[in-house]
Number of protein chains: 2
Amino acid sequence: MRFEVTILGSSSATPIYNRNPTAQILNVNERLYLIDCGEGTQQQMLRFDIKASHIDHIFISHLHGDHYLGLVGLLSSLHLNGRKKPLYLFGPAPLKEIIDLQLKYSETVLQYPLQFTATDADKVETLVVNDDVTVQTIPLDHRIPCTGFLFREKKRLRKLIKEEIERLNIPIPLYTSIKKGANYTAPDGTVYSNDSLSIDSAAPRTYCYCSDTLPVEKYYPQITNADLLYHEATFLNAMLDRAKETHHTTSLQAGQIALNNQAKKLLIGHFSARYKVLDELLEEARSVFPDTELAIEGKTFAI
Amino acid sequence: MRFEVTILGSSSATPIYNRNPTAQILNVNERLYLIDCGEGTQQQMLRFDIKASHIDHIFISHLHGDHYLGLVGLLSSLHLNGRKKPLYLFGPAPLKEIIDLQLKYSETVLQYPLQFTATDADKVETLVVNDDVTVQTIPLDHRIPCTGFLFREKKRLRKLIKEEIERLNIPIPLYTSIKKGANYTAPDGTVYSNDSLSIDSAAPRTYCYCSDTLPVEKYYPQITNADLLYHEATFLNAMLDRAKETHHTTSLQAGQIALNNQAKKLLIGHFSARYKVLDELLEEARSVFPDTELAIEGKTFAI
C-alpha cells in the first residue's frame, strides 16, 4: 500500500529562494491528505502534477500565515472546478471564521460540503478513522495554539500462507475470515489453527508531522518509533536563543528528538529565510541522527 | 521618467499553466505601485526580482480571491522583513476586516503603519496625489463592487530652451520659476516672455487598469486617450453569453473598447483557465485594435 509524503513547501515565515511556505501531500493508498497549506500551495500542486481534486482531507496545524494562507484560494478553485464531494477540513476554530468571512465578501457559496472540525491544541484528539489510516492531533508548544498530526496505517489483515491454503483446498469464501484470525475446520472435522494458515501482516507504519514547536516532552510519547518523523528545524543551533524566543526548534534538537524517540527516519523542514543553502542544517541534524533528509519542494519520501 | 507596468499574474479565477492570479507592478519614477495581489504575488516578485520593500501603495480592485489572496502574506512578509515606513492600501471596505481578522489570530501586530482607505465603487475618487502621479478609481460593473484604477503622470515643468537661457546669461536660481511659466526681466529692464524661453513638456501619460467588468459606457470617459489601456479579456467572443453572465468582457469587446476610446495601446489579461494557448484571444482583439499585447507574466510594458 502506498504511504508516502511529497513536500510542497519548506520555508518558514516568508517564501524565498524557490522555497514555498509549508505544505505537504500525504498519499495513503491513493487517497491524498493535505497537511498545511501555505500561500502558493495550489501552484505547487500544478507544478508537481498533484491532482487537488483527489484531496479529501486537509489539516491545518495553526494560524500563522505561512501554514494556511493558500487555503481559501484552494477551496475556491475546487469550487470553480466543479467539486461536489465533501471536503473534510481540520484546524483551529477561528479558521472557519476566516474562511466564512472571505467567502461572504466574494459572494461565494461553495458547491461542495466543507465539513470543518475544530482542533483543540490542549489535548490529543482522533480526527479521522477510515479503512486506510487513523489521524490524531499532536499538541505542540508554539506561540499560538498549534497541533501536529500523527498518521497511522490501519492494521492490515493477516496474510494467507498460500501453499497451506492450496494444499487443504480451502474454499475462497473462507479466506477473509482466516485473514481476520479464524481457525479452519476441514470437512473431516480436523481443526487447523489460524497460525498454521496465516501470518501477521507488517506493523502499521506511522508518519508524524511536528510543525512549529519548542522541543518539549509532552509530545514525545506520541512520536515514539515513528517510521518517518517530520520535525521543524527552523534554525541552526547557533541560533538557539532565537529558537527559544520564537518557540521553534533547532536542527540539532530535531536530530536529538529523533534519536531519543527511536524514529526510523527524520525529515527536517520549515527553514528560516536566513539560510540560502541548507547543507549546514542537514549536517547538524545528521551529527546526532544520520538518517535525516531535507524536506525539499517536489521530493517524495516513502514511509 | 520611468512609467512602466510589469505583469505578475494574468489568470482569472484559478492559477493554471504557469499563469498566476492577477497582480501588476507599476513603476513610476522608481516608486512601485502594486495593483491587485492574487495568491503567489510575493513569489512572483521574487521570481522577477522586484523588491517588495519598494512598494508604498497597493490597490485592490475587488474581493474575488484571485485579486487579493496574496495580500495578507505580503503584508506579513514586509513586517517580518523589518519594514517601518507606512504602506498605503486602497480597496473595498471589508478588506480591512479580512486583514484584521487574520492578523488577530496569528497574533501579529504589524511593525509599520498600514494606512487603509476604503474605495467606493459607486463614484470616482482620487486616491493618491504626489509629485509623480495621481491615482483615481474607475468604477466598474462586476458581480461585486469593483473599481479599476487610472494612473496619470503629474504634468512635468516646462523645458528650458537652453540656447536662449545661455545667450541671455539667466542666473540659475531663476530656472525653476521659468520652468513654472514666469517671464524673465533682464537687468536692462527688457522683458522676455516665457514662450521665448521654454517649451511645454510632453502631455502626461496615463495607464488605465480595468479589471473584471462588463463593458459598459459609464467608465469609457475615464479611459479615453489612455497611453496604455489594460482591459480584462476573460473569454473569446464565442463565449459572449458566459461573459455577460459572469460580468466579464470578451477579447473582441476589449479591442472595440480600445478602438472606440482612442487608446494608444491595449493590454489584455485575466484569461480564463480554459485557454491553454492565448493566440486566439490576441488575434481576436487585434482584429479590431492591432496594437494589442498579451499581459504575460514577467513582461514589462513601457507606457
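These legends walk through several close-up views of a predicted model. Local features need pLDDT of at least 70, side-chain atom pairs count only at pLDDT 80 or more, and totals for chains, interfaces and linings use all residues. Residues are numbered from 1 along each chain as its sequence is written, while chains are lettered from A and ligands numbered from 1 in the order in which they are written.

**View 1. Chain A as a whole contains 10 helices and 18 strands.** Helices (H or I, at least four residues) and strands (E, at least two) are DSSP runs, numbered from the N terminus. The C-alpha trace of chain A spans about 75 × 50 × 35 Å along its principal axes. Of its 303 residues, 46% count as buried. A residue is buried if 20 or more other C-beta atoms lie within 10 Å of its own, exposed if 12 or fewer, and partly exposed in between, with C-beta atoms placed from the backbone.

**View 2. Seven strands of chain B form an open sheet with mixed pairing, in the order β6-β5-β4-β3-β2-β1-β18.** Two strands pair if DSSP finds at least two bridges between them. At the edges are β6 (114-119) and β18 (300-302) of chain B, each pairing on one side only. From one strand to the next, the twist averages 20°. Look inside the sheet for β3 (residues 31-37) and β4 (residues 55-59) of chain B, which run parallel and are joined by 4 bridges. Here Tyr33(B) stands opposite His57(B) in β4(B).

**View 3. Helix α2 (residues 71-80) of chain B is mostly covered, with 9 of its 10 residues buried.** Among the buried ones are Leu71(B), Val72(B) and His79(B). The buried residues of α2(B) pack against β3, α1 (41-47), β5 (87-92), α3 (94-105) and β6 of chain B. After α2(B) comes Gly82(B), whose phi is positive, near 90°.

**View 4. Chains A and B meet through 30 residues of chain A and 31 residues of chain B.** Two residues are in contact if their C-beta atoms, placed from the backbone, lie within 7 Å. On the chain A side, α1 (41-47), α2 (71-80) and α3 (94-105) each give two or more residues. The largest share, 6 residues, comes from α3(A). By class, this side has 13 nonpolar, 13 polar and 4 charged residues. Ala, Val, Leu, Ile, Met, Phe, Trp, Tyr, Cys and Pro count as nonpolar, Asp, Glu, Lys and Arg as charged, and the others, Gly among them, as polar.

**View 5. Gln136(A) lies in strand β8 (residues 133-139) of chain A.** Gln136(A) counts as buried because it has 20 C-beta neighbours inside 10 Å. Not counting residues up to four places away in sequence, Gln136(A) touches Val124(A), Glu125(A), Thr126(A), Leu127(A) and Leu150(A). Gln136(A) and Tyr33(A) are 103 residues apart in sequence and 13 Å apart in space, C-alpha to C-alpha.

**View 6. Helices α9 (residues 251-260) and α10 (residues 279-286) of chain A have axes that come within 7 Å and cross at roughly 35°.** Axes are lines fitted to C-alpha atoms, for helices over the stretch in contact, and angles run from 0 to 180 degrees between N-to-C directions. Ser251(A), Leu252(A), Ala254(A) and Gly255(A) of α9(A) make the contact with Leu281(A), Glu284(A), Ala285(A) and Arg286(A) of α10(A). By class, this contact has 4 nonpolar, 2 polar and 2 charged residues.
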